[in-house]
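Please open the model in your viewer and keep the selection tool at hand; the tour below moves from one selection to the next.

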Amino acid sequence: YLRKGVDCSQSHQDQRTAGNLELDIAMLHRMLSDFEPAQTWVQSAIAKAEEVNDSPLVAKALNELAWIEQLKHDYENATLHARAALALSAEGDIERGMAFRVLGMVALRKNQFEDAEVLQRSALAIFQQNHDIRRSAWSLQNLATALRLQKRFDEAFISFQQAADALKQIGDLYHWAVVKMN
């Protein structure tokens with residue numbers, strides 16, 4: 001259905017909608033750990049967003065690309081693309097928080113736990129400011145991991161518990177279970 005939507009959007013010369021739909025396709029591929037097609041779809045979405053000068057869509061797509069890259073342990077490109085998304089995002093914008101989230105995960109993977117904490121706190125502040133419960137919970141979970149790896153167990157436990165409570169509140173039982181396991 002999404003591919004048909006892309007075709008229909010392009011037949012109507014609506015690159016913005018086509019780019020958004022391509023980004024949705026990319027996210028589905030990422031969720032299936034099918035990273036190569038995910039990256040291809042994201043790059044196509046970026047091209048379409050740039051063609052119509054849609055900076056918010058470019059930032060969103062760059063963050064998706066950076067997330068895929070950090071999942072693939074390609075930290076150099078993940079950092080590059082997250083920083084590019086930051087440059088396109090206004091203060092307090094969700095995509096700014098997403099870029100901080102990616103950079104925080106890269107810092108975690110590189111064992112830079114204090115940097116990861118700072119970046120996850122930055123992401124959390126933006127998500128809370130935007131009343132985004134799910135993303136706030138994910139940032140709390142990532143923050144808790146950074147705290148745990150610094151052996152700040154009491155603080156980590158509180159962040160894990162806050163994340164679990166928020167995820168349960170919105171009915172995200174999959175992520176709730178992951179947090180509880182941690």
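A nonpolar core is here a set of buried Ala, Val, Leu, Ile, Met, Phe, Trp, Tyr and Cys residues joined through side-chain atoms within 4.5 Å. With that in mind, and remembering that this is a predicted model, begin with the largest nonpolar core, which has 45 residues. Select Leu 23, Val 42, Ile 46, Ala 82, Phe 100, Val 102 and Leu 108, the residues with the most contacts inside this core. Colouring by element then shows that two or more core residues come from each of helix 2 (15-31), helix 3 (35-51), helix 4 (55-71), helix 5 (75-88), helix 6 and helix 7, with helix 6 giving the most, ten residues.

Now select helix 7 (residues 113-129), whose 17 residues reach 24 Å from the first C-alpha to the last, close to the 24 Å expected. Its buried residues include Phe 113, Glu 117, Gln 120 and Phe 127, and the cover over the buried residues of helix 7 includes helix 6 (94-109) and helix 8 (133-149). Following helix 7 is His 131, with a positive phi near 55°.

Finish in two loops. Gln 13, between helix 1 (2-11) and helix 2, has a positive phi of about 55° although it is not a glycine, and counts as exposed at 71% relative accessibility. Ser 33, in the loop between helix 2 and helix 3, likewise has a positive phi, near 60°.

Technical notes:
Residues are numbered from 1 along each chain as its sequence is written. This is a predicted model: local features need pLDDT of at least 70, side-chain atom pairs count only at pLDDT 80 or more; totals for chains, interfaces and linings use all residues. Side-chain values use heavy atoms; hydrogens and water are left out. Helices (H or I, at least four residues) and strands (E, at least two) are DSSP runs, numbered from the N terminus. The expected span of a helix is 1.5 Å times one less than its number of residues. Buried means under 20% relative accessible area, exposed over 50%, partly exposed in between (1.4 Å probe, protein chains only). Contact means heavy atoms within 4.5 Å.
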